[in-house]
Amino acid sequence: MEILSTITDCLSTNYGWIISLFIQGFIAYHVFFLSKKLSNKARLEHKEKIKKRAEELLLKIHRQKLNSEVYLVNTFE
């Protein structure tokens, strides 16, 4: 019974910290998982944007005859 009373005393004196910890965990969880989700529409829009940009760069390279090799690097995962 001493352990139970010690735990309740500790919880009653530190209830603010415990509530704060739960709130911070809740916010961190939602920020992490919501930031990782990307809808299919957003993926397609991003893909089209990248395609347009690559076509513009390729056209510029061909017009100015700068180089015959182009390296496209995917920086998003």
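Begin by selecting helix 3, which holds 25 residues and spans 36 Å from its first C-alpha to its last, close to the 36 Å expected at 1.5 Å a residue. The model on display is a predicted one.

**The end of helix 3**

Side chains of opposite charge can pair when their charged atoms come close. Glu56 and Arg53 are three residues apart in helix 3 (residues 40-64), so about one helical turn separates them. An α-helix has 3.6 residues a turn, so residues three or four places apart point the same way.

Glu56 counts as partly exposed because its relative accessibility is 47%. Arg53, at 48% relative accessibility, also counts as partly exposed.

**Aromatic rings in helix 2**

Now select Tyr29 and Phe33, which both lie in helix 2, four residues apart, or about one turn of the helix. How many aromatic pairs does a search of the whole structure find? The search finds two. One of them joins Tyr29 and Phe33 in a tilted arrangement, with 4.8 Å from centre to centre and 55° between the planes. Tyr29 is partly exposed, with a relative accessible area of 49%, and Phe33 counts as partly exposed at 38% relative accessibility.

Phe32 and Phe33 form an edge-to-face aromatic pair, their centres 5.0 Å apart and their planes at 80°. Is Phe32 buried, exposed or partly exposed? Phe32 is partly exposed, since its relative accessible area is 46%.

Switch to a surface view and select Tyr15, Ile19, Ile23, Phe26, Ile27 and Val31. These residues make a nonpolar surface patch of about 640 Å². Ile27, one of the residues in the patch, is found in helix 2 (residues 15-36). At a relative accessibility of 46%, Ile27 counts as partly exposed.

**The whole model**

Which secondary structure elements does the protein contain? It has three helices and zero strands, and from the N terminus on the elements run α-α-α. Of the 77 residues in the protein, 3% are buried. The accessible surface comes to about 8100 Å², and carbon and sulfur atoms account for 64% of that surface.

Key:
Residues numbered from 1 in each chain as written. Predicted model: local features only at pLDDT ≥ 70, side-chain atom pairs only at ≥ 80, totals over all residues. Heavy atoms only, no water. Helix = DSSP H or I, 4+ residues; strand = E, 2+ residues; numbered from the N terminus. Buried < 20%, exposed > 50% of the residue type's maximum accessible area, 1.4 Å probe, protein only. Expected span 1.5 Å × (residues − 1). Patch = residues over 30% accessible without salt bridge, like charges linked within 9 Å, V, L, I, M, F, W, Y side chains within 5 Å. Areas by Shrake-Rupley, 256 points an atom, 1.4 Å probe, with all protein chains shown as cover. Salt bridge = Lys/Arg side-chain N within 4 Å of Asp/Glu carboxyl O. Phe/Tyr/Trp six-rings, centres within 6.5 Å; stacked < 30°, edge-to-face > 60°.
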